[in-house]
Each structure stands twice: as structure tokens, then as C-alpha cells.
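Here is a short tour for a first look. Keep the structure open while reading.

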Amino acid sequence: MRISFDNRDLAEVKKANQAYSQAPEVKSSGVSFAADISSAIPDSKAYENKKTSLSEFRDQIKDIDVSVNQDYMTVMAHTVSSEDYQRMTEDGVNPMECEVKDSVTIMDRIKLDVALGGGEIEGFTDTLDRETVQAMTGTGMTLELKREIASGGLEIPEYDITVDNDLIKESVEAFNELSEVTEMTDGMKRFFVSTEKEVSVENLYLAKHSALPPKMEDGQGPASSYFAIDDKGHLAKRGEAEDSAELKDQVKDLLGRLGIPADPETVENGTWLVNNSFCVNEESLEKLKEVNAVKLPVSEEDFVKYASIAISEGKSPKEAVLTKEENVYNMAVKLTRVMEETRLKMTSEANLLLLKSDYHIDTKDLEKYVDALKKVEASEEYKELKGIAEVKEAVEEIKALPAAVIAYLSSKPSDSMSSRPSDSMSSRPSGASGEIFYDIDSVSLGTVRDIGVPIKKKFDLAFETYEQVGTEVRRDLGDSIKKAFRNVDEILSETGMDITPENRRAVRILGYNSMPITKESVERIREADLKVTSVLNRITPEDTIKLIRGGKSPIDMSVKELNEYLDSKENIAKEEIEKYSKFLYKLEQNHEINPEERKQYIEVYRFFHQLEKSDLAAVGSVLNSGAELTIKNLKTAIKTAKNTGMDLKIDDSFGLLVSDIRNELSPEKIHAVEFSDETSLDTLYKNLAGADTTSEYDEAWNKEQCREMREAMKAPEEVVTELVENKVPVTAENLRAAYGLMKRRSGFFNGDLSDEAKAAADEIPEHFTDKESTLDAYTDMIGKTQDSLYESAMNADTYLDVRALKLAFTGMSVMRRYSESETYEVPMNLDGEETLVNLKVVHNPDEEANVVISSETEGLGRISARLFVKENEISGYISCNYKDTVTKMEQVADILSSNVKVVYSLNSDTDVTLSRIPMRRNDESVETGALYKAARQFLLALKNAQ
């Protein structure tokens, strides 16, 4: 998605009004009037001598960062459909947790992949329907359509965009502006040729209202009476009506010398350029041709097409270009195809024959294109996009390799190995037992691919059957994947190993490679297989971007490094809540499930959640007793095993089995299969995995999540500023949480917290003695609160309750990040109302050290305070927007100091004001202990002033 961060001021552009008759600088060849258009160019030198302090510069950078994030948010709000959302999740990306700038890059890659695959993006081959036009222009909308738009946006599949009320308003404004432009005058043409601007809605509107005076239209203005023809200094008199034929002849002659075909249209355009004081060359002729091709007035249907292209590229409807028939993704794919075909044809032999036939090969434009590509390839954006493609390609290639490659990567390295083993199977170095010398932890994805490709070729040439690295272990398939290994179970039994899918696969891999099958080799292969497939199944485009930004290429990183990175990024509790919320949402959407069944299905989900959460102690208890692993036996074990103190070692395969069952648990699958408490885990998994269900409820979930994401992307500027200022990633989840912390502090937490969490929260004000003590107590409180929220979420029975608790859980994570820059959300009970009091400790070189405190409740209204400390004396003010609150705050002020004043103000500090307080440029020379103690005094006084 291409985003322009050039926040243009149209007022500045309008300064060019008086200069449209003046032409660009005369080039070395072509026809033009001699003229000066310097006045049409904004004078950037006027800003060169302005001095900016380091503080101001940092604030400018922060403001730019906020603006850039908001631009990305606009793109995501308008261009991500539920289908796009699903594609992202299929790539392992959680759009709600992904930073918006990364989301846009990932969406770019997805849309390019769709275009490369021949799919339609933004539906330019589709016909427009009335609903689309109504939605985009706002004319004649039905009540149903209005309700759908108001509920979160109307998805328009033809264009892969989503429109909401704000976008419709922008579209109506753009269409109204465009409707005023009914013809392309010569003055408007001069505007576009001289400025080289795109023929967009806003530029058309600007050109119309910045047209030249009539005398300029008649050629009576200050334009030169002479023009230059090719040779510098050669002037000819301006063409009048009687010698227009002569002028056309001169233009034809010039076009011939420039190697431009002199067809009637080109000659006509060249003559117009001469008569309007412009240089005649390929660029100006192409620009004029482009302008002339615009058909005015523009119909509603055509406007929707142009506006949709703009929106899909992250632009506003007013930036829609009326000469653009395709979006950037299709254009990029088409250009790539053309260049590839050209490369195949542009051999030295072909060019030799062309030159011999007197064909003129102009490499000037091609050289410019190559230079531009080199600059693009050096950009971070290109590296990220290319990196996503390369990693995805490598993962798919490795998954398609024979599983036998795992054997080549599973042996420990030998000190005698001085070089990398040959890729040739026949010449690979080996030890006495035939094992090669690789260490699975140290090899990279690139190495895995390099080793595996020759192996695959050998298998293909020999027409040998093999399973792939990427083959998912399916317990319901048993050993039917490869019938060639009919005695695998027997081999495992003879070596004293458990008959599990993982062990069966390990034996097959050893068998493909003609390697000894021992207990040690099976365990080694199984471990190597798990490590490689773990990376392949978990790495996402989001991971690729972050690693590239950190200076690492996922393809060159070792398997161990990648697994460590992927392990470190997981947030298990939040993922658990997300899975459960999806389960409940789909359960509530499925109207075939009655209330009694709904209750039973929730119990099943909680049973397996509890089973896994207890570290499989119940599984160990059942296995120890020799009983079958049935649901009934496990339920009994859960009730008794927790008090036995047993510490049993559970085979990894049983843990995987429970995990796999949980991954298959969905309301529609549970509803489709038959099972009871007597059903074994193996049978249950087989039935769930093989259940025949539709994607209806998954699609509904994606649509709902996409709607929530789009709503989050509409967060106001002060919320984005708060995240950026405190260095918190700008994601949909964080935007929702930050908005809740700022706008809904009262009652932010739904559900009852544990007594432990409540006690920790209640004691927070007491710990504001210094930074370290505050952070310790604050972090402990957040951890206990999140534990409580997690338990409440997993015990809730409705989707909305779980989502609210997940929002609060995320809010605590945001609060933790805020505290790193000394911004605190302090839980307090004010006037009988549970709320969060925002407190910032400000100490930077730009202003006097102080503490900023704000809260807002229904009973007390908005309270804002600034406290300063000098020589252990507190001064400052407390502002209230309720008159009745002033008296209570005077009690607080009396406790603090006589230098603290209380004022009544309807315009008490707003969230916008507070969000812009600089927090990050801490000056450690400022004593912070005094500030924390002042904050403590205020919080305790506020707590007691009830």
C-alpha cells in the first residue's frame, strides 16, 4: 500500500496561481517560449535560517511519528476486508497484535501475491453495482445500507475496500468538488503541464479555481513572443493564425529530429505547447496527452472506480487520479512481467541485428528506470517486502523437500569435519555408522534448502515415493501416509519405544536414508524434525520484518536462534483468552446449538484447558494406574491427582495429543461428532480432525475481528500520541486498550478481581516513595491483576464478557509499558467509584520538574493537577471542572502546601494537552525522589478526601 506522507498545504499550492503562464526551465532540445516560473515554486530557503532547539527537533520527530502512524491506521481502516484479515491469519499474523506499519507492509505483500496469482484486486474487471455507487457517494442509500455502514462499515468485495460514514463523507465532498469541473480549459491544461501534477480530484478543483485571467487565455499576457527551436539562441516569431501551418511544419521537423513519430495528434499537441510557452519534448507531450485523455464531466460510476483505486492504495477520495485505470499492485505485476519478457528478448544478438537495421535504441529512459530501482532496492521498505517474499518462498520450498533431509541434519558435528558436507548424496562424508556431520541447532533455513534440493532431485529422478518435511503429523491417519513401511510398529516395539506418530515418522525418515534404526537415532531424528518443523510452522511475515529491522535475515539464522526468538515472543495467557473468545463467538453464532448443548460444549473446552494447564498431572495419574486414557478417567484423576503430590514423567506425545485436541475444539466440530465420557483421547482426536464442517463461522469470526480492528484504527490523535510518547507499539489491541485507559478510566476493569489483586492495587499510593519502589510495587500489582483477569476470562460464559476482560488484560500490558517512562495509571476508589488516576512524573531539561495528575469520574468530574517541588516545598495547582469538587480539593491542597492553589475551570487540562507532555528526555540531574514523594502525598490526600 503506497502512502504519501507529504501533508500538503493547499494554501501554499495556490500561491502558484499567478505563474501558470510561465513554463519550466528550457531544456537542451525542444520548442518553448523563453519564460521564468521561479515564482511558482515555494521558496524553501525561507526556512533555512530558522534555528531549532534539540527539544523542538525531538518534538517534531514525535509529531511526525504520530502522523505517520495515523496515516497507516487510515490505510488499515479503509483497505482491509475480512478476506484480507483471513489471509493475514493464515500467514500466522494476528492483525490485532501487529504494529500498523508492519500490517501495511504485510498487506502489500499479500495483495502482490494475489495479483501474481492472477486474482483480482479491487475488481477492475467487475461491473459497478448500484449499492457500491450509493455507498461511495451517499446518494439514495437504503435504510438497511445505512445501518450496515453505521455498524462498522460496508465491505465492497469488487474493490476489496470498506466504507464507513467518514469515508462516505469524504467521498461525497470529493464528488461534489469534481462535479464543479465540467470541462478542461487551456488554463487548466497549462496548470498540469507546468506543475507536472497528477490529474486528481483535488488538483482538478484547484486548477479550475486557479485558472489564468482571460487575457492570458487569449494570448495577450506577458508570455514571450518568441520560441526556441532546438538550437540554443535560435528564435522564431510567435505563430499567428496566418502562419500556423508554418509552425506545424517546424514542429514536425523538430519531432523528427527528436525521434518522435509526427502523427496528427502529436503535431497538434506540439503546436499547443509552443503556443502556450512550453518546451516540446517527450515528457511535455506525454503529460498533455494524459490531460487531454481525461473525460469531463466524470460520472458517478467512474468516480467510484477512481476513488476505490485511491482508497485501496491508502489515499483519500480527493487524491483519486482520473487517468489511473489500475491499482499499484496490478501495475507492479504487469511491469514485472513486461520487464522479464523484455529481458528474454534483449540479447546481444538481437540488439546487434536491430542496430544493423538502423533501429535507434534509446537507453536514456531505461537507465533512469534502473537508477530509480537501485535507489528503491536500498530502502528499508524494499528490504522488508523482499524479505517477506524470500522467507515465505524458502519455507514453502523446505516443506516440499523429502523428510529424508532431516536425517542429514540430525547428527552431531565432528571435530574432523573441516568443510561443509557435499550436497551430493553419493559423496556426502560419513562416519562409521553412515551418519553425516551436521548439528540441527546450527544450520540455517538457507542451508536446509541447499542440502534438500539435490536430495529431492535424486528422489524425483529415481521416481521414489517420499513424504515431505512439511507433512503434518495426523493421528487420525495413523501409518497410512506411507504404505512402504508396514512394519514400523514392529520395529518400535522391538527397540522398546512407544508407538506414536512422531516415532513412526522418525523410523520412516531413517528408513528412507538407509540409516541404522536405534532408540538413540529415533530420538535424535524426532528432535531434529520437531525443531525444523517448529520454525516452519511458526515464523510469520511480522517476525521477518522485525528480524530484518534488527539486522538479521531469517534465512541465514540458525534453527536454534529462530526457535529461541519464536519462543520468546509468545504471550500464552493472551493467546488462551483469544482462543476462548473465538470459541464462544462461534458458539453464539451457531443457532443449531441449543442452550443445554452450549453449556456442555463450554464444559468440554474448560476440561481440556484445565487438563493442559495442570501440566498433564491427570494424564500421568491415569497412565500410572494402567487405565485407558478416557475422558471419564481423566476427570476422576483431575479431582484426585492434584492432592497426591505425584511427579510423573509424561511422554511428549501425550502432551501433543492433548494440545492437538484443543486445537481441534470448535463448537461446530463438537456438534458434528459423537462422544461420551467413555471416549478415549485417540478416538476423540480422530473424530474431531475428520469432522466435516463449513467455514461459515470462521468467516463470521474474521469479519467481526476485522470490524473491531477497523474501529480501533479510528482512535483519536491523543491516544496515538500517548502510545508513541511512551514507546508502546501502535497495534489495534494497544489502541483499544489505550483508548479505554484514557477515555473510560472509571469501570475499565470488568468482573471482580481477586482479593490479592485488590490489595496490591490499594497499596500502590503508599509505594510512591522513589522510582524503584514504585515500579516494583506497580509491576507486582499488574501481574496479580492480569492473573485475576485471566481466570475471570476463562470462567466467563459470553463472548462480550471475555472480550472486555481481554481488553482489560491488554490494558494492564500497556500500563506496564507506560510505567517504563514514568507514566502510571493508579487504581483508586474516588467518591465510591473505581477508577484509574493518570500520573506522570516529568523531569526533562525543557521545563521545571513536576508531577502531572488527572482523573475523571461521574461524581467528581475532571481533576487535573500540576505539582512542583523546590527545596522540599510543594507548589502548584489543582483544577476542577465541577464547582462542588473545589471544596474537596481544597482539603487536599491544605495537606500538601499553602502554595498549592485550587481553581475552578471548565477548560481543565484535556487528554490532548496531557498526552503531549514530554516524558522521555529524562534529566537524571533532577532529583526524582522528591517528585515521587509529592505524588504520594497527593494520592493519599485524594484517597482520604471522600
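Predicted model: local features only at pLDDT ≥ 70, side-chain atom pairs only at ≥ 80, totals over all residues.

## A sheet and its helix

Strands β8 (residues 850-857) and β9 (residues 861-870) run antiparallel, joined by eight bridges. Val851 stands opposite Leu867 in β9.

## Nonpolar cores

Nonpolar side chains tend to be buried together in soluble globular proteins. Here, the largest nonpolar core has 133 residues. Phe608, Ile878 and Phe938 have the most contacts inside it. Helix α38 (residues 799-819) supplies the largest share of this core, ten residues.

Leaving aside residues up to four places away in sequence, Phe608 touches Val658, Ile661, Arg662, Leu665, Leu681 and Leu684. Another core, of 45 residues, lies apart from the largest one. Among its members are Val443, Ile451, Tyr466 and Ala528.

## One face of a helix

Helix α3 (residues 82-90) has Ser82, Asp84, Tyr85 and Met88 buried. Down the axis of α3, its buried residues fall within an arc of 155 degrees, so they line one face of the helix. Just after α3 comes Gly92, with a positive phi of about 85 degrees.

## Salt bridges

The structure holds 49 salt bridges. One joins Glu290 to Lys287, with the closest N and O atoms 3.3 Å apart. The two are three residues apart in helix α13 (residues 282-292), so about one helical turn separates them. Glu290 is partly exposed, at 26% relative accessible area. Lys287 is buried, at 12%.

Arg538 and Asp567 meet in a salt bridge of 2.9 Å, N to O. This pair links distant parts of the chain, 29 residues apart: Arg538 is in helix α23 (residues 519-538) and Asp567 in helix α25 (residues 559-568). Glu588 and Arg598 form a salt bridge too, with the closest N and O atoms 3.4 Å apart. Glu588 lies in helix α26 (residues 572-589) and Arg598 in helix α27 (residues 595-613), so the pair ties together parts ten residues apart in sequence. A network of salt bridges links Glu97, Lys574, Glu578, Glu708, Glu733, Arg736, Arg803 and Lys806.

Conventions. Residues numbered from 1 in each chain as written. Heavy atoms only, no water. Pairing = 2+ DSSP bridges. Helix = DSSP H or I, 4+ residues; strand = E, 2+ residues; numbered from the N terminus. Core = buried A, V, L, I, M, F, W, Y, C linked by side-chain atoms within 4.5 Å. Buried < 20%, exposed > 50% of the residue type's maximum accessible area, 1.4 Å probe, protein only. Contact = heavy atoms within 4.5 Å. Arc of directions from axis to C-beta. Salt bridge = Lys/Arg side-chain N within 4 Å of Asp/Glu carboxyl O.
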